[in-house]
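Please look through the sequence and the model that follow, and keep both at hand while reading. The explanation begins with a single residue and then widens its view step by step.

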Amino acid sequence: MADLIQQGLTAARVGKLTEARRLLLKATAEQPDNVTAWLGLAGVVESLEEKRDCFAKALAIEPDNHEAQTGLTLVEQKLATKQADANSAGSLHCFRHAQTETQLRCNRCNRPICAKCARRTPVGFRCPDCIREQEDKYYTGTNSDYAVAAFVSFPLSLIAAMLFTFVLGGLGFWLIWISLFVAPTAAGFICEAVRWAVSKRRSRYLGYVTAGSLIVATVPFILMFLLLGDVWGLMAPFLLIFLGTPTIIARLR
Ligand SMILES: [Zn+2]
Ligand SMILES: [Zn+2]
């Protein structure tokens, strides 16, 4: 019997783990009260759970065995760490929504993001922060470009609004068809003027500022016809806004 345990421990010492496991397993089966056999087996089994069971068996036989106590403590610490890792891997939370669990990560900054926040790009899922950062590199304009855009587009918009109100407004039914062509053209002309004035620099809100100018310049004419009670009259300035605004926003991206 002692031979079996000795052979097993020797096999373990020279690295023949499969052989050691076989011998020590046999020894613990034949002599389940042998602490040395259980401690030997604990050293050669593969999983942490098996090691824990071996140390526990040894402790049950000999409660103040120092090697078994130390071994069990160590194995349980490792098991707890493993469990904590498994938990945190399974429950990532969106860095923008602490309550939302997710499996996704931004492939640029590697932070976890939920499906609502993730933006699909040609290179994978990205978080809004990273998307914005890259857009900022694309936008080369300065804040003063917005003032320049408003300064240039407002008088041009005012001219366009007057043209629409007092020239095209007199065309009656044909107004709608002609506006379909003229409004985007007028808006395009304003865009080109703005682009030239800001030396072709791109800015995030350049289109909105320019479209805002068009609206501010045109709305007084709409109000004027509303006050006069002339519903047909406000058609022309309304069409300028309705058709011109999308053109400006699309062209000044
Ligand atoms: Zn990111
Ligand atoms: Zn989110």
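In this predicted model, A186 counts as buried because 24 C-beta neighbours lie inside 10 Å of it, where the cut-off for calling a residue buried is 20 or more. A186 lies in helix α8, and, once residues up to four places away in sequence are left aside, A186 touches A160 and G244. The C-alpha atoms of A186 and P122, by contrast, are separated by 35 Å, and these two residues stand 64 residues apart along the chain.

Helix α8 covers residues 174-197 and helix α10 covers residues 235-251, and the two pack with their axes 8 Å apart at an angle of about 45°. The two helices are therefore oblique to each other, and the crossing in which α8 passes α10 is right-handed. The residues of this contact between α8 and α10 divide into 15 nonpolar, four polar and one charged.

How do the axes of α9 and α10 cross, and within what distance do they come? Helix α9, which spans residues 206-228, has an axis that comes within 9 Å of the axis of α10, and the two cross at roughly 180°. This angle makes α9 roughly antiparallel to α10. In the contact of α9 with α10 the residues divide into 12 nonpolar, five polar and no charged. Among them are Y208, L214 and F221 from α9, which belong to the set that meets α10 residues including F238, I241 and I249.

Turning to the chain as a whole, one finds 10 helices and four strands, which run from the N terminus in the order α-α-α-α-α-β-β-β-β-α-α-α-α-α. The C-alpha trace spans about 115 × 40 × 30 Å along its principal axes, and the radius of gyration of the chain is 39 Å, whereas a compact globule of 253 residues would have one near 18 Å. Buried residues, of which A186 is one, make up 31% of the 253 residues. Of the contacts with a separation of 6 or more, 52% are between residues 24 or more positions apart.

How values were computed. Residues are numbered from 1 along each chain as its sequence is written. Chains are lettered from A and ligands numbered from 1 in the order in which they are written. This is a predicted model: local features need pLDDT of at least 70, side-chain atom pairs count only at pLDDT 80 or more; totals for chains, interfaces and linings use all residues. Axes are lines fitted to C-alpha atoms, for helices over the stretch in contact, and angles run from 0 to 180 degrees between N-to-C directions. Angles under 35 degrees count as roughly parallel, over 145 as roughly antiparallel, 65 to 115 as roughly perpendicular and the rest as oblique. A crossing is left-handed if the near helix is turned anticlockwise from the far one by less than a right angle, and right-handed if clockwise. Ala, Val, Leu, Ile, Met, Phe, Trp, Tyr, Cys and Pro count as nonpolar, Asp, Glu, Lys and Arg as charged, and the others, Gly among them, as polar. Two residues are in contact if their C-beta atoms, placed from the backbone, lie within 7 Å. A residue is buried if 20 or more other C-beta atoms lie within 10 Å of its own, exposed if 12 or fewer, and partly exposed in between; C-beta atoms are placed from the backbone. The radius of gyration is taken over C-alpha atoms; the globule rule is 2.2 Å times the number of residues to the power 0.38.
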